[in-house]
Amino acid sequence: MPVLSIGSIRNMNNPTYIYVDNLYCTSILLYKNIAEGWGYNPWNWMNKSNISSAIEFEHNIIRKAKVVFCMGKWLTDFAKDYYKDCEHKFYTAYGGMNIQHMSDTSVKRRKNTVLFVGRDFYRKAGDIVFEAVNIVRQMYNKDIKLLIAGPNENPI
């Protein structure tokens with residue numbers, strides 16, 4: 001039976017389809033560009049030896065996988081370039097909903113509301129969203145509501 005692995009790389013005997021929002025191989029890019037202000041690196045706690053081992057493990061899993069779906073085109077392109085022997089396995093499958101229209105017209109969109117969704121507030125740049133909402137409030141004197149969903153604790 002095929003297996004869909006979401007959010008992590010797992011070693012399985014069954015045909016595996018992996019859906020990721022990041023890969024260990026991107027840590028090289030993040031470390032290289034952190035000085036340019038890229039900010040948060042989810043693997044900053046790992047030393048170079050750990051990163052090398054994680055990348056090697058990841059590469060072996062990708063070799064065995066049927067397909068790896070990446071949540072963004074930049075990740076797909078980076079992974080294809082980094083894991084050249086597996087480039088045919090990477091496809092972009094954007095996260096989130098892709099709705100053309102809603103058939104239930106009784107649902108009203110709340111104006112001036114920003115929704116942030118993500119368990120890891122800082123990795124998903126929630127602090128930047130918070131700052132942006134405050135800037136819009138101040139610059140345009142707008143009553144904007146920020147809704148935060150996902151973190152276990154209120155990060156603000």
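Q: What makes a nonpolar surface patch here, and which residues form it?
A: Leu115, Val117 and Leu147 make a nonpolar surface patch of about 270 Å². The label asks for residues with over 30% relative accessible area and no salt bridge, with nonpolar side chains (Val, Leu, Ile, Met, Phe, Trp, Tyr) joined within 5 Å and like charges within 9 Å. Areas come from the Shrake-Rupley method with a 1.4 Å probe, and for residues only the protein chains shown count as cover.

Q: What should I keep in mind about the model itself?
A: This is a predicted model, where local features need pLDDT of at least 70 and side-chain atom pairs count only at pLDDT 80 or more, while totals for chains, interfaces and linings use all residues. Residues are numbered from 1 along each chain as its sequence is written, and side-chain values use heavy atoms, with hydrogens and water left out.

Q: What makes strand 3 a partner of strand 2 and of strand 4?
A: Two strands pair if DSSP finds at least two bridges between them. Four bridges join strand 2 (residues 16-20) to strand 3 (residues 67-70), and these strands run parallel. Three bridges join strand 3 to strand 4 (residues 90-92), again in parallel. In strand 4, the bridge partner of Cys70 is Thr92. From strand 3 the chain passes through helix 3 (residues 73-82) to strand 4 in a right-handed β-α-β crossover. That name applies when, with the strands pointing away from the viewer, the path from the first strand over the helix to the second runs clockwise.

Q: Why does the contact of Asp21 with Lys124 count as a salt bridge?
A: The rule asks for a side-chain nitrogen of Lys or Arg within 4 Å of a carboxyl oxygen of Asp or Glu. The closest N and O atoms of Asp21 and Lys124 are 3.2 Å apart, and the pair forms a salt bridge. Asp21 lies in the loop between strand 2 and helix 1 (26-33) and Lys124 in the loop between strand 5 and helix 4, so the pair ties together parts 103 residues apart in sequence.

Q: How many salt bridges are found in the whole structure?
A: The search finds four. Among them, Asp77 pairs with Lys73 at 2.9 Å between the closest N and O atoms. Asp77 and Lys73 are four residues apart in helix 3, so about one helical turn separates them.

Q: What makes the phi of Ala125 worth a look?
A: Most residues other than glycine have a negative phi. Ala125 is not a glycine, yet its phi is positive, at about 65 degrees.

Key
Helices (H or I, at least four residues) and strands (E, at least two) are DSSP runs, numbered from the N terminus.
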